[in-house]
Amino acid sequence: MRPTLSWTPTEDLPPGTTDLEPVTDALSTGGVLVLSGAGISTESGIPDYRGEGGSLTRHTPMTYQDFTASAQARRRYWARSHLGWRTFGRARPNAGHRAVAAFGRHGLLSGVVTQNVDGLHQAAGSEAVVELHGSLDRVVCLSCGTFSSRRQLARRLEEANMGFEPVAAGINPDGDADLTDDQVEDFRVVSCTVCGGTLKPDVVFFGEAVPPQRVEHCRKLVRESASLLVLGSSLTVMSGLRFVRQAAQAGKPVLIVNHDPTRGDRHAVTRVALPLGTALTTLADRLGIPADDEAAAPSGAVTAARSRCRKESKRVPAHGQAVENGVPEV
Ligand SMILES: NC(=O)c1ccc[n+]([C@@H]2O[C@H](COP(=O)([O-])OP(=O)(O)OC[C@H]3O[C@@H](n4cnc5c(N)ncnc54)[C@H](O)[C@@H]3O)[C@@H](O)[C@H]2O)c1
Ligand SMILES: [Zn+2]
């Protein structure tokens, strides 16, 4: 069964507002847990999945099941991803990421959980970011569990595919480029340098489960927080929505800043429908925090976070035990 990738509201949801007052109040109280999604990175030039012009309108992301079942699917994935990496890896944090980092520096946040795999929160200077769906800057071997760096893999793929310069029709949020089957036909995939096994980016694919210990860590963060602030997520997938439900059930205010209605709106005290860069900069102004203080932020997006690459051998939990990411619960 293919994961369900979209969500259409079936109930009347309150319209979005432009009033930032409740969000200002929550931030000034402190203990805010940020849960971010693709929408916070669109102003950095990385498209989202489900917003206006989102990539799901023209592209179905790879599922874990397809990736593991077929060498042809892996060739298609790595060819597209290799090309997309050149653009994705150059993306820079925007004013929204920088404001979130500034809130953290000023002690207003209990944590940052992101569904994004782009490393832009860390590049903007946020610390202890939980990458719910992993990161494109790491690669894992599905056989021996060794982690390696994406930069190293990019070099190996470059060498194995001299002259691979197809023109891509566009870039997708999962870091791959739009290419036709003909364009990827001759692409050569490389395997694990330790055991010759299959390499996969260290991201949670659609149809794959978020590691349970990561979920438990986030649940703990929700328990320890005063409120939950959702930034740029449609909350279509259960892996993010579950924390909204948890917070609401515990009586903690859920505040959302997102253009479009989200699957969490009925649990939220408000949804602010302003562009995130503007909204977060305005919030920082109101709180008297210099949000655009780039001095504190390291440069470069995923590339900056790549220093975290763990080269040592490490076992990873078995993937794909349960279908979760991409499957909205009904
Ligand atoms: N940058 C990334 O790393 C990236 C990008 C896209 C998707 N993903 C993956 O997508 C899945 C989750 O989807 P999601 O909920 O994060 O994204 P989504 O595409 O489902 O929703 C993004 C939401 O952000 C809103 N939005 C877009 N730009 C905005 C802006 N500038 N200001 C205010 N709102 C804006 C849109 O209205 C949309 O509802 C996850 O699996 C995640 O790993 C990651
Ligand atoms: Zn291996």
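Predicted model: local features only at pLDDT ≥ 70, side-chain atom pairs only at ≥ 80, totals over all residues.

Visitor: Okay, what is the strand order in the open sheet of six strands?

Guide: The order is 3-2-1-7-8-9, and the pairing is parallel. Strand 3 (129–131) and strand 9 (270–272) stand at the edges, and because each has a single partner strand, one side of each is left without a neighbour in the sheet.

Visitor: And by how many degrees are neighbouring strands turned against each other?

Guide: On average, and with direction ignored, neighbouring strands of this sheet are turned by 20 degrees against each other.

Visitor: Which helix packs on it?

Guide: Helix 8, residues 212–224, packs on the sheet and touches strand 1, strand 2, strand 3 and strand 7, with a direction that makes about 145 degrees with that of strand 2.

Visitor: Let's zoom in on strand 1. How many of its residues are buried?

Guide: Five of the five residues in strand 1 (residues 32–36) are buried. Both of its faces are covered, with V32, V34 and S36 buried on one side and L33 and L35 buried on the other.

Visitor: What does strand 1 pair with, and over how many bridges?

Guide: Strand 1 runs parallel to strand 2 (residues 109–114), to which five bridges join it, and it also pairs in the parallel sense with strand 7 (residues 227–231), again over five bridges.

Visitor: Which residues stand opposite each other there?

Guide: Towards strand 2, L33 stands opposite G111 and L35 stands opposite V113, while V34 stands opposite L229 in strand 7.

Visitor: Switching topic to helix 1: which residues are buried?

Guide: In helix 1, residues 21–29, V23, A26 and L27 are buried. These three lie on the same side of helix 1 because they cover an arc of only 95 degrees around the axis.

Visitor: And what sits on the face turned away from that buried side?

Guide: That face of helix 1 carries the exposed residues E21, D25 and T29.

Visitor: Last one: which residue takes a positive phi just after helix 1?

Guide: That is G30, whose phi is about 90 degrees.

Methods. Residues numbered from 1 in each chain as written. Chains lettered and ligands numbered in written order. Buried ≥ 20, exposed ≤ 12 C-beta atoms within 10 Å, placed from the backbone. Helix = DSSP H or I, 4+ residues; strand = E, 2+ residues; numbered from the N terminus. Pairing = 2+ DSSP bridges. Axes fitted to C-alpha atoms, helices over the stretch in contact; angles between N-to-C directions. Contact = placed C-beta atoms within 7 Å. Arc of directions from axis to C-beta.
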